[in-house]
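This report sets out computed features of one protein model. Please keep the sequence and the structure in view while reading.

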Amino acid sequence: YNCSNVVDNFLFGQGMDRLGYTGEEIAVFWGALGQYQLLFNIPVAVSNALSSSLIPSLSRAVSKKDSEETKKRIRAAVRFSMLISIPAAVGIAVLASPVCDLLFAGEDNSLLIRLTMSGALAVVFFSLSTVTNAVLQGLNRLDVPVRHAFISLAVHIVLVEVFLLGIFSVVYANILFAFMMCLLNGRTIARCADYRQEYKKTMVLPTVCALIMGAAAWGVYRGIIFVFPALLHHGRIGMAFVVLPSVAAALAVYGVLLIRLKAVDEEELKEMPVGTRLVGLCKKAKLL
């Protein structure tokens, strides 16, 4: 994963130099890419934490040769990762402009906003590839993620080198890298653990909820701007008053929809961090 950034730095710099860009222009492009990666790495970090917590319990199930418990652990890890990464990707894409202006106030964020909107999907694939790497480690297939990373990196390099059309080529190549990891890891997990992924509650329902959530967040954001247009001219503080209510509305809408559409049930809620409190709040609100 880290090698891909080093390789990208070299290939992008050399390629853009051949296309006639100056060193300063290349530095501006690469700086915007770094800011974009900072944004999408925040939700991916949650998957990293999930992966670390997954390995011990999964390894215990594997050592006991308990195939049902092994599948249950894999399913829970993938589902929890998607429940976080899918709405995060939608939220980053929908609120790219105010979020970038909030975090990097006083800068020209036009390029960063376009990169963020174009590359939001990377959140989902990097989160899923991170979790599936951990699953393979828990299945005692420690070398497999490394081999898959080399294969994915080779495809990534070809895309960057052959289709170098600017900084967006690097973004799309990174998405392809993570997507390849997901495909290769998923195939190996299916073979080694006789595992079949459930898609409706893991992928489809969270996506539906996230799209509605994104519309709600966008509506709140535009409504605030319409009522209080002066907030756009008050720097980071003004953008905070725009972003925070939009994010709060998004969280509320997404959480209610997950429960109403039965994407998560009471037992699954209890397994999440502060899950017992969430169940209590949902019952008070008569959602459960």
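The sections below treat the basis of the model, its helices, its nonpolar core, its cysteines, its salt bridges and its backbone.

## Basis of the description

The model is predicted; local features need a pLDDT of at least 70 and side-chain atom pairs count only at pLDDT 80 or more, whereas totals for chains, interfaces and linings use all residues. Residues are numbered from 1 along each chain as its sequence is written, and side-chain values use heavy atoms, with hydrogens and water left out.

Helices here are DSSP runs (H or I, at least four residues), numbered from the N terminus. The expected span of a helix is 1.5 Å times one less than its number of residues. Helix H8 covers residues 167-193, 27 residues in total, and extends 39 Å from its first C-alpha to its last, close to the 39 Å expected. Just after H8 comes Asp 194, with a positive phi of about 50°.

Burial is judged by relative accessible area: buried means under 20%, exposed over 50%, and partly exposed in between (1.4 Å probe, protein chains only). By that rule, 16 of the 17 residues of H6 are buried, and the helix is mostly covered. Asn 140 follows H6 and has a positive phi, near 65°.

A nonpolar core is a set of buried Ala, Val, Leu, Ile, Met, Phe, Trp, Tyr and Cys residues joined through side-chain atoms within 4.5 Å. In soluble globular proteins, nonpolar side chains tend to be buried together. The largest nonpolar core in this model has 78 residues, of which Tyr 36 and Ile 74 touch the most other members. Contact means heavy atoms within 4.5 Å. Apart from neighbours within four places in sequence, Ile 74 is in contact with Leu 58, Val 135, Ile 189, Ala 193 and Tyr 195.

Thr 116 lies in helix H5 (residues 110-118) and is buried, at a relative accessible area of 1%. With residues up to four places away in sequence not counted, Thr 116 touches Tyr 36, Leu 39, Ile 92, Ala 96 and Cys 100. Its side chain also reaches the backbone oxygen of Leu 112, at 2.8 Å.

## Cysteines

How many disulfides does the model contain? A disulfide is a pair of cysteine sulfur atoms within 2.5 Å, and by this rule the count is zero. For Cys 182, the closest cysteine sulfur is that of Cys 192, 17 Å away, and therefore too far for a bond. Cys 182 counts as buried at 11% relative accessibility, and Cys 100 is buried at 0%.

## Salt bridges

A salt bridge is a side-chain nitrogen of Lys or Arg within 4 Å of a carboxyl oxygen of Asp or Glu. Side chains of opposite charge can pair when their charged atoms come close. The model has three salt bridges by this rule. One of them joins Arg 73 to Glu 69, with the closest N and O atoms 2.8 Å apart. Both residues lie in helix H3 (residues 67-94), four residues apart, or about one turn of the helix. Arg 73 is partly exposed at 35% relative accessibility, and Glu 69 is partly exposed at 23%.

Lys 71 forms a salt bridge with Asp 194, the closest N and O atoms being 3.9 Å apart. This pair links distant parts of the chain, 123 residues apart: Lys 71 is in H3, and Asp 194 is in the loop between H8 and helix H9 (200-227). Lys 71 is buried, with a relative accessible area of 16%. Asp 143 and Arg 147 also meet in a salt bridge, at 2.5 Å from N to O. Asp 143 is partly exposed at 43%, as is Arg 147 at 46%.

## Backbone and spacing

Most residues other than glycine have a negative phi. Lys 65 is not a glycine, yet has a positive phi of about 60°. Lys 65 sits in the loop between helix H2 (23-63) and H3 and is exposed, at 76% relative accessible area.

Gly 219 is in helix H9 and is partly exposed, at 40%. Gly 219 and Ala 249 are 30 residues apart in sequence, and their C-alpha atoms are 9.7 Å apart in space.

Conventions
Helix = DSSP H or I, 4+ residues; strand = E, 2+ residues; numbered from the N terminus. Polar contact = N/O pair within 3.5 Å; in protein donor to acceptor, adjacent residues only side chain to side chain.
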